[in-house]
Amino acid sequence: MIPRVFADAVFCLTITNRLYNVLAMLDLDTAFAALSDPTRRAILGRLALGEQTVMELAQPFDMSQPAISKHLRVLESAGLIARRIEGAKRPCRLAKGGVEAIDQWLAMLRKALASNYDRLDALLADMKPPKRRRGR
Amino acid sequence: MSKLILTTEGEKYVVVTRRFGAPPKTVYQAHTEPKLIQKWMLGPEGWSMPVCICEAKPKGKIRYEWANAKGAGFHLTGEFIELQPYRRIVHVERMHLPDATPDNHIETKFEPDGAGTLLTMRMTLPDIETRTRMLSSGMERGMEASYVRLEGMI
């Protein structure tokens, strides 16, 4: 039996991956790769109890905070967790529910548009007619 | 160039703004001429657009096909509604994955900004009812496979 929270996290991820345009370009495997690691699954399990800071998450594991942070980045880029900024802390929570699905979609839309527009900048620079320099 | 700004307007719209260092005419052309579109509208690294149809006139057709090196691909279709050369484009588009996503209604504005252009793109988000429907159909079709894979891992 799958714990409900995992189901929610994967559900949310699946719908965003399947149904929104930009996501067609992204690899669904990123999410499953993120879930393939036991520490990361344990982190998700702990987050199922509620929001936690990196320090709180690192406690039960025999791991440094940077190591935990690295796992959190993987989970975050796979869309499985969400983080917010609270002073110097960045508490994590499970990403689930429709609103967060939309937030994730927006984040990925932003990413795809940003790469498009960076390429467009380069193209526009090429399209500029060569300026004639006036002799000085 | 200035960074992209992406905001939501209520529940329904996403508004994207971005400045470019070229005049509106040039930026507009880059949005309407297939040969130019194919050079930049590619999403994440690794994708190309082998097919680009863009009939920049009212009721003109849009068809973009993307492909990657792994042999994956998908396409988008759409129609132009209104074009005001070098200033404004209104069109609808939908992705085919392969099922069509709901129509996305998009207004793109090109405003002079010093020597450059301020681009504003306003697009519609699927409404709550559509999102709910997408969620439930996604669950029916996609979840079983995910659960099976997940069960293997936990």
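Okay, let's start with Arg88(B), which is partly exposed, at a relative accessible area of 21%. Quick reminder that this is a predicted model. The side chain of Arg88(B) meets Glu82(B) in a salt bridge, 2.8 Å from N to O, and Glu82(B) is partly exposed too, at 38% relative accessibility.

Staying with charges: the count is 11 salt bridges over all chains. Over in chain A, Glu51(A) and Arg84(A) make one at 2.7 Å, N to O. Why care about that one? Glu51(A) sits in the loop between helix 3 and helix 4 of chain A, and Arg84(A) in the loop between strand 1 and strand 2, so the pair ties together parts 33 residues apart in sequence. Glu86(A) joins in as well, giving one network of Glu51(A), Arg84(A) and Glu86(A) through salt bridges with shared partners.

Now the rings. We get 7 aromatic pairs over all chains. One of them is Tyr28(B) with Tyr86(B), edge-to-face, 5.3 Å centre to centre and 80° between the planes. That pair links distant parts of chain B, 58 residues apart: Tyr28(B) is in helix 1, Tyr86(B) in the loop between strand 5 and strand 6. So which of the two is buried? Tyr28(B), at 7% relative accessibility, whereas Tyr86(B) is partly exposed at 33%.

Then there's Trp66(B) and Phe74(B), a stacked pair with 5.2 Å between centres and 25° between planes.

Definitions and conventions: Residues are numbered from 1 along each chain as its sequence is written. Chains are lettered from A and ligands numbered from 1 in the order in which they are written. This is a predicted model: local features need pLDDT of at least 70, side-chain atom pairs count only at pLDDT 80 or more; totals for chains, interfaces and linings use all residues. Side-chain values use heavy atoms; hydrogens and water are left out. Rings of Phe, Tyr and Trp (its six-membered ring) pair if their centres lie within 6.5 Å; planes under 30 degrees apart count as stacked, over 60 as edge-to-face and the rest as tilted. Helices (H or I, at least four residues) and strands (E, at least two) are DSSP runs, numbered from the N terminus. Buried means under 20% relative accessible area, exposed over 50%, partly exposed in between (1.4 Å probe, protein chains only). A salt bridge is a side-chain nitrogen of Lys or Arg within 4 Å of a carboxyl oxygen of Asp or Glu.
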